[in-house]
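Have the model open in your viewer and keep the sequence alongside. Let's walk through the fold together, one piece at a time.

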Amino acid sequence: MNITTRDLSYRDLDTPLTGLFCWNGTREGPQPGILLIHGGAGLDAHAREQACRYAALGYAVLACDMFGDGIAGDRERVMKCLLSLRDDPDRLVRRGQAGLAALAGCPEAAGPAAAVGFCFGGMAALALARAGTNLAAVVSIHGSLATSAPAQPGAVTAKILACHGAADPHVPPADVAAFAAEMNHAGADWQLIMYGQAQHGFTHQHAVPGAVPGVAYDRLADERSFAAVRAFLAETLAQ
């Protein structure tokens, strides 16, 4: 598989950002675009691997940068940035939309587009959907489902898939129930798949067992969620 990558610089107002753009160089013409949103560690090896994983399916993927230069790798700065974005949904959405604009500017990418996020990125992807961003599909994979800015009736135009670990202590059952009620109230086209025994971060193949409480790789949940997302994207991004 010939996956071609390049760094892509863009901005959110005065914040310089650098993402990784990936596409299948063997395919002719533009490919449907995916904005892939990293987890709490920033644009790390996991996000880059997932970007290539989805590019191999025939999508043009921008693994975006939600933090900016000099943040990833510095725990104190990461936590400050994470909390500021979480607590300011408008800023979170704007940062994601900056990535979508950068993706749209790539000649290898074509509409319609989807957003796929992991952990923190799942929360960010859902924030884009809640804000009524023009997307065909939004996917949250072991992401936070809670929000301080719930979707209003008729606001969500993207189809939504949430993949959730049933044993995830960071996203308790009450959050899952509230998310379901919110999506129904908004009239969204949504689905939620729960994976038995799976904890938070179940796609992180290199997670060290026990290093972070409640976080563990789960091969079955990883494979099953990837198959589910693959089918969901094939349905929603069909041209």
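What follows goes from the sheet to the helices and ends with a few backbone details.

A quick word on ground rules: this is a predicted model, so local features need pLDDT of at least 70 and side-chain atom pairs count only at pLDDT 80 or more, while totals for chains, interfaces and linings use all residues. Residues are numbered from 1 along each chain as its sequence is written, and side-chain values use heavy atoms, with hydrogens and water left out.

Helices and strands here are DSSP runs numbered from the N terminus (H or I, at least four residues, for helices; E, at least two, for strands), and two strands pair if DSSP finds at least two bridges between them.

For a closer look at one pairing, go to strand 3 (residues 31-37) and strand 4 (residues 60-63), which run parallel over 4 bridges. Ile-34 stands opposite Val-61 in strand 4. Contact means heavy atoms within 4.5 Å; angles run from 0 to 180 degrees between N-to-C directions, with axes fitted to C-alpha atoms, for helices over the stretch in contact.

How far apart are the end C-alpha atoms of helix 6? They are 26 Å apart, which agrees with the 26 Å that its 18 residues should span at 1.5 Å a residue (the expected span is 1.5 Å times one less than the number of residues). The buried residues of helix 6 include Phe-226, Val-229, Phe-232 and Leu-233, where buried means under 20% relative accessible area, exposed over 50%, and partly exposed in between (1.4 Å probe, protein chains only). The buried residues of helix 6 pack against helix 1 as well as strands 3, 5, 6, 7 and 8.

Now turn to helix 2 (residues 75-86), whose 12 residues should span 16 Å, in agreement with its end C-alpha atoms being 16 Å apart. Its buried residues are Val-78, Cys-81, Leu-82 and Leu-85. They cover an arc of only 100° around the axis, so they lie on the same side of helix 2 (the arc is that of the directions from the helix axis to the C-beta atoms). Those buried residues pack against helix 3 (89-104) and helix 4 (120-130), while the face turned away from the buried side carries the exposed Glu-76 and Lys-80.

The peptide bond from Gly-111 to Pro-112 is cis, with omega near -5°, and Pro-112 belongs to strand 5. Leu-13, in the loop between strand 1 and strand 2, has a positive phi of about 55° although it is not a glycine. Cys-119, in the loop between strand 5 and helix 4, also has a positive phi of about 55° without being a glycine. Buried or exposed? Leu-13 is exposed, with a relative accessible area of 58%, whereas Cys-119 counts as buried at 12% relative accessibility.
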